[in-house]
Amino acid sequence: MEIHPENFLGIGPPFTELDRARAVLLPVPYDRTATYGKGTAKGPEGLITASCSLELYDEELGQDTYTLGIHTAPPESGNEDLPEKMVKKVEAAVGRYLEMGKLVVTVGGEHSITAGSVAAHHRRHPKLTVVQLDAHADLRDEYEGSKNNHACVMRRIREMGIPTLGVGIRSLSREEADFLSRHPATLISGRRVAQGREWFQEALSAAGEEVYLTVDVDYFDPALVPGTGTPEPGGGDWYTTLAFLEALSRKSRIVGFDIMELSPIPLQPASDFLAAKLLYRLLGYTLFGDGRDGAPGHILR
Ligand SMILES: [Mn+2]
């Protein structure tokens, strides 16, 4: 098959045609408010490039998920936009694809992008819960003069009246700790995530029927994902995380998701590959739903 390097997985028509695609991947190359390392604006490109080397066959699900159609949209916004404008543009773009009945997957870029995507989903799914995989709480009211800084995204989401569940959190400011004592939410610490699976039940029961999932890749142990703007020691491993996300996709309906804060490191592509494979696996979990029990695969044990 001919490689189309601009598209997720390198696929081309008919699997990329917007009309028939079940999913739309929306790249947002934006890192204007990043505090420590810039570079997440290159995340979408790094993820898409790595994805072109993935197998199209999902060895865990036994499915050729791409045959359901994945349209890679043109990039939305960029560092020329102020954060407020970027969030509005993302909300409008995500809303347009939701209107067309697509599953929308937003790829960043810094975590502030998520506010726009969540707002668009929340309008159509007013009861949704936001499940956040992240090292950081992201609950600051403002940071470096902006309410749309990436360190504030979950605070903005809480202000929309949306219940949230945080997983893998292991970095918190005094201000965030005080906010949480006044406005509690279920938070599963990075330490618990690293120690096993006893937290699955508690986390799953905090997720509602409909879930928007936001993955900040710094959720993962930085030994696994060094390519991110603000790495924190500790955090999630690959198989525990997949087991949780599969359980989440069975318990709740994932109505949309995003993968944020990937900052590719030249000549060290492991982070890009993890992000790309996670995205593809999540598409499978989400699009096949309960039907995957009857999947033809499961060759690997
Ligand atoms: Mn983070």
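A residue counts as buried if 20 or more other C-beta atoms lie within 10 Å of its own, as exposed if 12 or fewer do, and as partly exposed in between, with C-beta atoms placed from the backbone. Helices (H or I, at least four residues) and strands (E, at least two) are DSSP runs, numbered from the N terminus. The views below show a predicted model, in which local features need pLDDT of at least 70 and side-chain atom pairs count only at pLDDT 80 or more, while totals for chains, interfaces and linings use all residues. Residues are numbered from 1 along each chain as its sequence is written.

View 1. Start with E261, which has a positive phi of about 70° although it is not a glycine. E261 sits in the loop between β8 and α9. Is E261 buried or exposed? With 31 other C-beta atoms within 10 Å, E261 is buried. Now turn to E144, another residue other than glycine, whose phi is positive and near 50°. E144 is exposed, because 10 other C-beta atoms lie within 10 Å.

**View 2. Eight strands make an open, parallel sheet.** Follow the strands across in the order β2-β1-β3-β8-β7-β4-β5-β6, with parallel pairing. Two strands are said to pair if DSSP finds at least two bridges between them. Which strands are at the edges? They are β2 (70-72) and β6 (186-189), each of which pairs on one side only. On average, neighbouring strands of this sheet are turned by 15° against each other, ignoring direction. For this and the later angles, axes are lines fitted to C-alpha atoms (for helices, over the stretch in contact), and angles run from 0 to 180 degrees between N-to-C directions.

View 3. Residues are in contact if their C-beta atoms, placed from the backbone, lie within 7 Å. Helix α2 (residues 83-99) touches β1 (23-28) and β3, and its direction makes about 150° with that of β3. Helix α9 lies across β1, β2, β3, β7 (210-216) and β8, running at about 175° to β8.

View 4. Of the 19 residues in α9, 15 are buried. Just after α9 comes G289, with a positive phi of about 50°.

**View 5. Helix α8 packs beside α9.** Two packed helices are described by the angle between their axes and the distance between the axes. The axes of α8 (residues 238-251) and α9 come within 9 Å and cross at roughly 25°. That makes α8 roughly parallel to α9, a label for angles under 35 degrees. Which residues meet here? L242, L245, E246 and S249 in α8 meet R281, L282, Y285 and T286 in α9. E246 is partly exposed, with 17 other C-beta atoms within 10 Å. The C-alpha atoms of E246 and G289 are separated by 9.6 Å, though these residues are 43 apart along the chain.

**View 6. Two cis peptide bonds can be found.** One joins P13 and P14, with omega about 5°; P14 lies in the segment before β1. Another joins G108 and G109, with omega about 15°. G109 lies in the loop between β3 and α3 (114-124).

Definitions and conventions. Contact = placed C-beta atoms within 7 Å. Parallel < 35°, antiparallel > 145°, perpendicular 65-115°, else oblique.
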